[in-house]
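Work through the exercises below with the model in view. Each task is followed by a solution in steps.

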Amino acid sequence: MRTQVGIIGAGPAGLLLSRLLALQGIDSVVLENRSRDYVEARVRAGILEQHTVDTLTAAGLGDRLHRQGLEHSGIHLQYPGTRHTLDFPSLCGRSVWVYGQTEVVKDLVAAQLDGGPPLLFEVSDVQPEGVDTDSPRIRFTDAAGAPQVLECDVVAGTDGFHGPSRATVQEAGGRVWERTYPYAWLGILADATPATDELVYAWHPEGFALYSMRSPSVSRLYLQVDPSERIEDWSDERIWDALDTRMALEGWSVNRGPVTEKSILPMRSFVSAPMRRGRLFLAGDAAHIVPPTGAKGLNLAVADVTLLAQALVRLLQDKETDLVDSYSDRALARVWRCTHFSWWMTSMLHRSGDDFDAQLQLAQLRRVCSSETAARELAENYTGLPLGS
Ligand code: FAS
Ligand code: PHB
């Protein structure tokens with residue numbers, strides 16, 4: 001087998017990269033170790049930045065997004081007795097969109113299978129090789145159990161936090177930064193009409209809570225819990241009661257409904273540099289992880305592959321290496337900006353158990369809710385800084 005770009009991983013990063021390259025006449029093959037059903041069912045991100053929406057729309061993937069996505073012009077920040085609304089368009093001229101990652105992936109997979117480049121599910125033993133040469137390859141076993149070799153000009157490692165690509169880059173040197181937070185998120189999906197027009201990020205003495213959604217009839221809610229908590233110890237009733245407590249506001253209440261999914265998500269910040277080794281390039285969670293508080297993970301993956309697609313087109317069509325040579329530094333600049341913002345939102349909203357911290361957090365929240373300057377800084381980062389800024 002031969003292609004120009006061998007792509008490891010069919011998450012949003014790998015699938016969008018394949019699409020963006022195809023639109024520029026560059027062929028690719030996407031290798032995915034899970035099944036289509038598994039990939040499409042993974043419940044993850046929910047918020048799309050404007051540049052993500054613009055990129056998906058320009059790539060011909062915006063129809064369902066514009067029909068079913070919910071444009072949100074702000075968020076609510078809450079602490080006991082106060083729920084304050086940040087109006088993003090008036091603060092920074094941008095909004096965000098609620099459209100689940102599951103839906104983005106379904107749209108990408110459908111486009112790929114409808115005449116797009118090859119997408120091979122349920123492969124195994126995937127290993128990039130020869131990445132320090134101009135003719136790298138990817139060894140793998142296909143779904144039928146046959147050993148295969150994919151000869152390429154370039155390999156894209158979009159295989160997430162647990163894939164093989166980052167290790168291949170790190171073998172040649174590099175650095176990793178990691179911070180594990182002393183809390184986790186318990187998340188639920190519920191068939192319940194959201195009791196809020198826009199997301200509510202609530203600080204509370206008992207812990208952080210987030211009211212999000214997937215549609216006018218599906219709510220997505222999160223609770224800060226200790227990382228050692230087990231989901232089986234959290235009945236639906238206990239979850240709803242905790243949400244009621246932490247999001248309590250005079251004259252308002254959380255809408256309950258059947259819980260259709262619940263899980264506990266650890267929280268970490270992780271950055272691996274460089275995002276390149278020879279002809280192997282990393283993008284998305286393969287290179288970085290951010291705590292979900294800032295709704296950055298999926299959007300950062302989209303930003304990476306937007307830069308990478310431009311760089312690979314320049315390399316493979318114009319035979320120019322300037323953009324691939326600067327890709328890692330340019331991508332990492334945005335990665336660190338988003339890592340900082342995600343850390344800042346997380347640190348402001350999650351209880352550490354220390355009362356001095358609590359007073360600092362409340363002071364920061366009161367500042368953001370009373371100062372247009374402070375609110376603008378949150379709004380600009382949350383809605384996504386312009387690519388390349
Ligand atoms: P992904 O992990 O999505 O995709 C990588 C793909 O590579 C997967 O399909 C995987 O199966 C495949 N793969 C792995 N190893 C392979 C191998 N050896 N061979 C072939 N394929 C291989 N972000 C937010 O903004 N908000 C959130 O609320 C949020 N919640 C999250 C909850 C969870 C449980 C997780 C894990 C992440 C969450 N994220 C959230 C972050 C998430 O959305 C990621 O940023 C996003 O999936 C990044 O996309 P990719 O880089 O494509 O990585
Ligand atoms: C979600 O809807 O899954 C979501 C929304 C905002 C966040 C994190 C997750 O900050």
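**Exercise 1: the largest cavity**

Task: Find which helix gives the most to the lining of the largest cavity.

Solution: This is a predicted model.
Step 1. The count comes to one cavity of 30 Å³ or more, and the volume of the largest cavity is about 30 Å³.
Step 2. Its lining consists of Val39, Glu40, Arg42, Gln101, Thr102 and Val105.
Step 3. At least two lining residues come from each of helix H2 (36-41) and helix H6 (101-113).
Step 4. With three residues, H6 gives the most to this lining.
Step 5. Sorted by class, the lining holds two nonpolar, two polar and two charged residues.

**Exercise 2: the shell around ligand 1**

Task: State which residues come nearest to ligand 1 and how the residues of the shell divide by class.

Solution:
Step 1. The residues around ligand 1 number 29, and Glu32, Arg42, Arg44, Gln101 and Asp285 come nearest.
Step 2. By class, the shell has 13 nonpolar, nine polar and seven charged residues.
Step 3. Helix H1 (12-22) and helix H9 (297-318) each provide at least two residues of this shell.

**Exercise 3: polar contacts and burial**

Task: Give the distances from oxygen atoms of ligand 1 to arginine 44, glutamine 101 and aspartate 285, then find how much of the ligand the protein buries.

Solution:
Step 1. For arginine 44, a side-chain N or O atom is 2.7 Å from a ligand oxygen.
Step 2. For glutamine 101, a polar side-chain atom lies 2.5 Å from an oxygen of ligand 1.
Step 3. For aspartate 285, the atom is a backbone N or O, at 2.8 Å from a ligand oxygen.
Step 4. Ligand 1 taken alone exposes 990 Å², and the protein buries 86% of that.

Key:
Residues are numbered from 1 along each chain as its sequence is written. Chains are lettered from A and ligands numbered from 1 in the order in which they are written. This is a predicted model: local features need pLDDT of at least 70, side-chain atom pairs count only at pLDDT 80 or more; totals for chains, interfaces and linings use all residues. Side-chain values use heavy atoms; hydrogens and water are left out. A residue is near a molecule or strand if one of its heavy atoms lies within 4 Å of it. A polar contact is a pair of N or O atoms within 3.5 Å; within protein, one must be able to donate a hydrogen and the other to accept it, and residues adjacent in sequence count only if both atoms are side-chain atoms. Accessible areas come from the Shrake-Rupley method with a 1.4 Å probe; for residues, only the protein chains shown count as cover. Helices (H or I, at least four residues) and strands (E, at least two) are DSSP runs, numbered from the N terminus. Ala, Val, Leu, Ile, Met, Phe, Trp, Tyr, Cys and Pro count as nonpolar, Asp, Glu, Lys and Arg as charged, and the others, Gly among them, as polar. On a 1 Å grid over the protein atoms alone, a cavity is a set of points where a 1.4 Å probe fits but cannot get out, and a pocket is an open set with protein on both sides within 12 Å along at least five of seven lines; lining residues have an atom within 4 Å of a point. Grid points are joined across faces, edges and corners, and a volume is the space filled by probe spheres set on the points.
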